[in-house]
Every structure is written in C-alpha cells, then in structure tokens.
Amino acid sequence: MSEKLAIHGGPKAKTTPNYPMYPGGLEIGEEEKKQLFEVIDRKYLFRYYGPEQYPSKVRELEERFTEKAGATYALAVNSCTSALITSLVACGVGPGHEVIVSGYTFFASCAAIVAAKAIPVIAEVDETLTIDPDDIEKKITSSTKALLVVHMRGIPCDMDRIMDIAKKHNLKVIEDVAQACGGTYKGQFLGTFGDCGCYSFQYHKIITAGEGGMVVTNDKKLYDRSMGYHDTAACWRPDRFAEERYEGELFCGVNFRMSEITGAVMLAQFSKLDSLLELMRRNQRRIIQGIKDTKGISLRPVHDPEGDVAVCLMFYLDGKEKVLPFVEALKAEGIDASGVFNAGIPDWHIYAHWKHVIEKKTPTSEGCPWTCPYHAGDDVEYSADMNPNTLEYLSRVVHIDIPSQLSLEDCDMIVKGINKVAAELA
Ligand SMILES: Cc1ncc(COP(=O)(O)O)c(C=O)c1O
C-alpha cells in the first residue's frame, strides 16, 4: 500500500527547506566582493576610461566569454532584451520585416522584435517546449527576415532543422539563450549556431549581476554594427571620427553599455558557471533516475540531453485536469512545483497572455510596426488561441526548479514525493 499523501494528512516526503531559483545569485560572496572593490578602489567604473587607465573588467568578461563559447566576438550589454534588440538591428531587421518567435518564451523575446520596429509572428512549440520547426516553415512569408529561437527552460532547440530552414529561406537566426547559458547542442555552445546569440545575467538566471547581457557572433560586420548600436554612435570605434569603412557601419544607436560594476560581479560569477552547471546536472540526473519509469508521467523530450543546463525538470501528465491536483499534492509534500498554463495565474512566458501584442498596443496612435507601409502581404493577426498545440502541451506540464543548492538527499526526497503523488493522482 502506498503511503498516505501529505495533502490527506500523511507525512511529508520532503522535510528540508526549499531554495529559490537563483543559482548564481545565492553564491554571491567573497569573489564578487573582491572584483567589485577593485573597480571601486580604482574609481574605474566606465569600461572605456577613468582617472587612471586600468584593464576593463567588461572587456575581460567579453574575452572569457568568447573563449568559453568558441565564438569570435562577444559584446557585453546591460540586459538580454538589449542584446536581442541589438542583434536584430545588427542583422538588418527593421520596418516591414516579420520575425518568427516561439510562443513559449519570456515576453521580452517578442517585445525586442517590436522595439526593433519589426512584426513578431508567433509560432507553436512542440513537445520539447521549444519552437516547432514544422510550424516555422508554415509561417514563413515573403516578409520574413529572421527567426528568434529560444532555448527554453534550459534545453536546446532543434538547431539542425532550424539552421536548414534558415539557409533554405535565407533568414537570419538569433538565439535567445537567456535561460540556457552554458548549454550545448551536439557539443557546440548554444548561441553560436545562428548569426547572434543573446544571454541574460538578470538575477533569476544561472549566473547574475542583477542585470546584464551578452551578444555573441562570429561575424565581424554584425559585431561592428552591434558595437555601434549599443554605444549611441560607435563612439568607441578605434577611430571614432573616421569615415565609415563600409555602408551600414554607422547609424544612430542607443546606450546599452555594461558598467564596470556589472562586469566585475560577472567576472566572479562567470568563474562559477561550470560548477553550478555540474551541480544542477547532477541533481537533475538523480531525480530523473528515480522517476523515469514512473507510471502516468512522461518527461519532456530533449533534442540533446547532454546539452541541457538542467535548471528544471518538466514532465507531462496525460490529462490537463490532473495537473492542479498533482501540483497541490506535491506542494503539500514539501516540493516546490507549479503548473504552467492552468495555474490560474497569467504566466508571461505564454503568448496567450501577451495582451500588448495580441491587441497590438503601441506607445503612439500610428500603430507602428503593425501599420508599417513597408510591410508587404497580409496583416499579421493574433489571438489567444492561435497556437493550440502550445497551449495543449503547456496545460499538461508540471514544472519543478532544480536549484544548484539542493543536496542529493533533497533530490531523493523529491523523487519520493513525485512517486508518492503519481501513484495516486497521475
Ligand atoms: C527567454 C528569455 N528571453 C529574454 C529575457 C530577458 O532578459 P533580461 O531581463 O536580461 O532583459 C528573459 C528573462 O527573463 C528570458 O527568460
């Protein structure tokens, strides 16, 4: 006979405290202080100059990032949203263009397209909860300029198929790696398949300085254009007053620069990336080992499990009506679980809640980019139920974060709780 569920008054499966999902954030300590005090002591807070010249922490971070990613160029910026906008602009995305984006991602991926003056076209995800390549093909029009693909909840998209489609239709590819920094696909660093890869160092991410981001590319022109755009007017080109070296090098930009304070904290955090990944992967393996044969639940499939950064565990139940009772029972067992599209809470990672886009809300009454006269073809329209597969998958999935701070004992208790609840409710 199975043990009485905690929700029915039985003993809890997990009796240890839960940790919030701030893997790098919870590890901030002496190394970050040392790096930070160095820039403060030197009064060197701006990456390009100070009262005395010192090597820039931001530049060092970029160098270490390129080396780790196996990429040619990295440009530090102040957020992943900035990185996405910068990459889109660098790739020549703008008025009249459509960009295909996943319907399951943080809203910022979609907002970045609008900020770059292009029109988002929202695609389905498949069972992996990453963009569905079949649906990308269906949504390509003569106005499509780029694909913005998201390595969602730590796992790689199907990069082989995505790159084939992009090649066939001559599309740019921007990878949103905000949730999968350090992940790989067939051994290659995520963010280095497409034209640009974009990372986030916001507090909820694997490594963090509270805010921050990075653009990675192998293309010199894309780097130059990103560099110029993120820095108002390419002020920090080797010779800022020189004529443009090619058409399209110089144009008006914004200020998305990373400060030395952020760079300093990020240098310390970057040194912790591998050990954080190792711990989360160890924990995820332990939990998967304990539930992989459990009846009634099926793990989210992954294109390349080796490349998963293991920030979470996601599994499906066979009916959406089972999810809420399952999650409530897990919580009673002491496990921090959640549903995704049935929790009664609007989750900004699901396109159906992106009211601003669905209703085409814009800051001025002209309605750009949706009314752009350069846009050829039919108007792009949206509705909350336009991607039924995405909603179906998300309504059947259970999500459990895997903080690096969990011990193996914690993981075993999570396994016990899932198995206990599955035996009654799956
Ligand atoms: C998939 C995804 N893309 C983009 C972003 C935006 O990142 P940032 O807050 O650094 O702008 C996030 C952050 O939550 C995200 O999860």
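I started with P369, which sits in the loop between α11 (355-358) and α12. This is a predicted model, so I take every angle below as a property of the prediction.

Next I went through positive phi values. K43 has one near 55 degrees, and K43 is not a glycine. I found K43 in the loop between α1 and α2 (57-69). Is K43 buried or exposed? K43 has a relative accessible area of 60%, so I put it down as exposed.

R153 is another non-glycine with positive phi, about 50 degrees here. R153 belongs to the loop between β4 (144-150) and α6 (159-169). Its relative accessible area is 13%, and because buried means under 20%, I noted R153 as buried.

Then a glycine: G334 comes after α10 and has a positive phi near 95 degrees.

That took me to α10 itself, residues 323-332. Which of its residues are buried? I listed V323, F326, V327, A329 and L330. Their arc around the axis is only 160 degrees, so they lie on the same side of α10. I also looked up what these buried residues pack against. On the strand side of the list I have β10 (297-299), β11 (312-317), β12 (337-339) and β13 (397-401). The helices in it are α12 (388-395) and α13 (408-425).

Now the helix pair, α1 (residues 30-42) and α8 (residues 260-270). Their axes come within 8 Å and cross at roughly 150 degrees. With over 145 degrees as the cut-off, I therefore call α1 and α8 roughly antiparallel. The crossing of α1 past α8 is right-handed.

Which residues make the contact? From α1 I wrote down E31, E32, Q35, L36 and V39. Facing them in α8 are E260, I261, A264, V265, L267, A268 and Q269. I sorted the residues of this contact into seven nonpolar, two polar and three charged.

Last stop, G187, in the loop between β6 (184-185) and β7 (188-189). G187 has 66% relative accessibility, so I count it as exposed. How far apart are G187 and D304 in sequence and in space? I got 117 residues along the chain and 9.1 Å from C-alpha to C-alpha.

Technical notes
Residues numbered from 1 in each chain as written. Predicted model: local features only at pLDDT ≥ 70, side-chain atom pairs only at ≥ 80, totals over all residues. Heavy atoms only, no water. Buried < 20%, exposed > 50% of the residue type's maximum accessible area, 1.4 Å probe, protein only. Helix = DSSP H or I, 4+ residues; strand = E, 2+ residues; numbered from the N terminus. Arc of directions from axis to C-beta. Contact = heavy atoms within 4.5 Å. Axes fitted to C-alpha atoms, helices over the stretch in contact; angles between N-to-C directions. Parallel < 35°, antiparallel > 145°, perpendicular 65-115°, else oblique. Left-handed = near helix turned anticlockwise from the far one by under 90°. Nonpolar A, V, L, I, M, F, W, Y, C, P; charged D, E, K, R; others polar.
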